[in-house]
Amino acid sequence: MRACVIFASPRGEDSNTRAILHTFLDAWRDAGHEAEIFSLYDLSIAPCRACRACQTDHSAPNCAIRDDMAPIFESVLKSDLLVFASPIYSWYCTAPLKAAMDRMVYALCKFYGAERGPSLLEGKALCAITTCGYRPEQGADLFDEGLRRWCKHAKTRYLGLHAARHLGYDVPFLTEEIAQNAAEFAENILKSI
């Protein structure tokens, strides 16, 4: 199986979200699967303009914006699993991931044109990996609900969100417990997919 990982932390390799993502991907790859990672802070992703140019072709994304979303669209269409990995800022994912999610829901869900078309995301699975400063049930709950609705709309199977709390910049993040919880989440996703 193949995963398309959309990583959206401004801190790159040094981010707490990346530390959990590495644990998740180690389990994914150890099971014999492959993954392609897109680091959104290294790319140019414009917000959706709601121009509906994408709705003229029901077989491909056909987005009018020429930026770095094209290879992401291609990877999403070839993948079985989408993984959104982002820290939580103001109770939701970071702005680059939100922009990518908006672009995907329009370009890959052909519901907005003169004739209703299919969801090119139908049947794919999605999970999310997040870090936040609050307890996850108070920090990541709105993003979790947003993903549930996004997946229902796109006809995508939502497999869940894994969130880990960071207690502060002066405290080491990746404890044995946090790593174990991330590995267990990966195992559950492997069983679910």
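Modeller: Asp 144 has 18% relative accessibility and therefore counts as buried (under 20% relative accessible area; exposed is over 50%, partly exposed in between; 1.4 Å probe, protein chains only). This is a predicted model, in which local features need pLDDT of at least 70 and side-chain atom pairs pLDDT 80 or more, while totals for chains, interfaces and linings use all residues. Residues are numbered from 1 along each chain as its sequence is written, and side-chain values use heavy atoms, without hydrogens and water.

Colleague: With which residue does Asp 144 form a salt bridge?

Modeller: A salt bridge is a side-chain nitrogen of Lys or Arg within 4 Å of a carboxyl oxygen of Asp or Glu. The closest N and O atoms of the pair are 3.3 Å apart. The partner, partly exposed at 43%, is Arg 148.

Colleague: Which residues are linked with Arg 2 in a network of salt bridges?

Modeller: Arg 2 is buried, at 14% relative accessibility. One partner lies in strand 2 (residues 34-39) and Arg 2 in strand 1 (residues 2-7), so that pair ties together parts 32 residues apart in sequence. The closest N and O atoms are 3.9 Å apart in the bridge to Glu 34 and 2.6 Å apart in the one to Glu 36. The residues networked with Arg 2 are Glu 34 and Glu 36.

Terms used: Helices (H or I, at least four residues) and strands (E, at least two) are DSSP runs, numbered from the N terminus.
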